[in-house]
Amino acid sequence: MHRTLTILGAAAALFAGTTSAHAAPSLEAPPDKIVIELATVNGSGCPEGTAAVAVAPDNTAFTVTYSDYLAQTGGSSDPTAFRKNCQLNLIVHVPQGFTYAIARADYRGFAYLESGATGRERANYYFQGMPETVSKNHDFTGPYNDNWQASDVTEVAQLVWAPCGEQRNFNINTELRVSKGTSDPQKTSFMTMDSTDASVSTVYHLAWKECPQRS
């Protein structure tokens, strides 16, 4: 069953936009509601029931929160635990005449890396039936024992817009990878895409435009 989030009024700004490179950005949110359905969740980093999608309070983004996204190596770690991934498939219902694009993505979590160990966050996204965006890697080197943050920013000219007048699912792919490198193999290093602080989430900032009028 789809999990559905309904956003009313100004929250519709989160997903408003246009596919035409010639249309000017809209300064106001579309007045109609938006419905987001989390259609499928797959991957070792997001077991069923551990990923949630919500709208940011300022209605300019949506957030993804994970509660069991942990990659680790060394010590008694499972040999396959060094890499975790998650693919989210979202159905975004946008008011007629608008579409959306991802302008920036902020990824956050916590990492404990022994000296000599490394961690990597990797992510991309795409609309169904369209090419994937280029994956961007963010690397961290031990010793490291702190929250981490990485941002992917897309220039305006490079924004990928959902096609106007078409329903295309939106896919988000993320990955965490930890390597023990030259660290003591008896000691555990790990990296998470979550935090004990519930306010720490992955944030996708949206741009929007009006679709061009059909003649």
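**Figure 1. Strand β4 and its burial in the predicted model.** Strand β4, residues 61-66, is mostly covered. Of its six residues, five are buried. The structure shown here and in the other views is a predicted model. Strand β4 is joined to β13 by four bridges, and the two strands run antiparallel. Across this pairing, Phe62 stands opposite Tyr204, a residue of β13.

**Figure 2. Thr202 in strand β13.** Strand β13 covers residues 202-210, and Thr202 is found in it. Thr202 has a relative accessibility of 1%, so it counts as buried, the cut-off for buried being under 20%. Leaving out residues up to four places away in sequence, Thr202 touches Phe62, Thr63, Val64, Tyr66, Asp106, Tyr107 and Met193. Strand β4 spans residues 61-66, and Phe62, Thr63, Val64 and Tyr66 are among the residues that Thr202 touches.

**Figure 3. The largest nonpolar core.** This core has 36 residues. Phe62, Tyr66, Leu90, Trp148 and Phe170 are the residues with the most contacts inside it. Strand β7, residues 98-113, gives the core its largest share, six residues. Setting aside residues up to four places away in sequence, Phe170 touches Phe62, Leu88, Asn89, Leu90, Tyr100, Ile102, Tyr125, Tyr126 and Phe127.

**Figure 4. The disulfide between Cys46 and Cys86.** The chain has two disulfides, and this view shows the one that joins Cys46 to Cys86, with an S to S distance of 2.1 Å. Cys46 lies in the loop between β2 (34-42) and β3 (51-55), while Cys86 is in strand β6 (residues 83-93), so the bond ties together parts that are 40 residues apart in sequence. The torsion about the S-S bond is about 100°, and the disulfide is therefore right-handed. Both Cys46 and Cys86 are buried.

**Figure 5. The disulfide between Cys164 and Cys211.** Here Cys164 is joined to Cys211, with an S to S distance of 1.9 Å. The link is left-handed, with -95° about the S-S bond. It connects distant parts of the chain: Cys164 is in the loop between β10 (144-153) and β11 (170-179), and Cys211 is in the segment after β13, 47 residues apart. Cys164 counts as buried because its relative accessibility is 19%, which is under the 20% cut-off. Cys211 also counts as buried, with a relative accessibility of 11%. With bonded cysteines counted along the chain, the disulfides follow the pattern 1-2, 3-4.

**Figure 6. Asn173 in strand β11.** Asn173 is found in strand β11. With a relative accessibility of 16%, Asn173 counts as buried. Not counting residues up to four places away in sequence, Asn173 touches Cys86, Gln87, Arg122, Ala123, Asn124, Tyr126 and Glu132. One of these residues, Cys86, takes part in the disulfide with Cys46.

Figure 7. Thr182 lies in the loop between β11 and β12 (189-192). Its relative accessible area is 72%, so Thr182 is exposed. Apart from neighbours within four places in sequence, Thr182 is in contact with Ser115 and Gly116. Thr182 and Ser115 are 67 residues apart in sequence, and their C-alpha atoms are 7.7 Å apart in space. Val94 lies in the loop between β6 and β7. Val94 has a relative accessible area of 24% and is therefore partly exposed. Val94 and Gln167 are 73 residues apart along the chain, with 8.7 Å between their C-alpha atoms.

**Figure 8. Confidence along the chain, and residues 1-27.** The mean pLDDT of the chain is 79, and 77% of its residues reach 70 or more. Over residues 1-27, pLDDT stays under 50. The model has 103 contacts beyond four places in sequence for residues 1-27. Where pLDDT is low, the predicted coordinates should not be read in detail.

How values were computed
Residues are numbered from 1 along each chain as its sequence is written. This is a predicted model: local features need pLDDT of at least 70, side-chain atom pairs count only at pLDDT 80 or more; totals for chains, interfaces and linings use all residues. Side-chain values use heavy atoms; hydrogens and water are left out. Buried means under 20% relative accessible area, exposed over 50%, partly exposed in between (1.4 Å probe, protein chains only). Contact means heavy atoms within 4.5 Å. A nonpolar core is a set of buried Ala, Val, Leu, Ile, Met, Phe, Trp, Tyr and Cys residues joined through side-chain atoms within 4.5 Å. pLDDT is the predictor's confidence in each residue, from 0 to 100. A disulfide is a pair of cysteine sulfur atoms within 2.5 Å. Two strands pair if DSSP finds at least two bridges between them.
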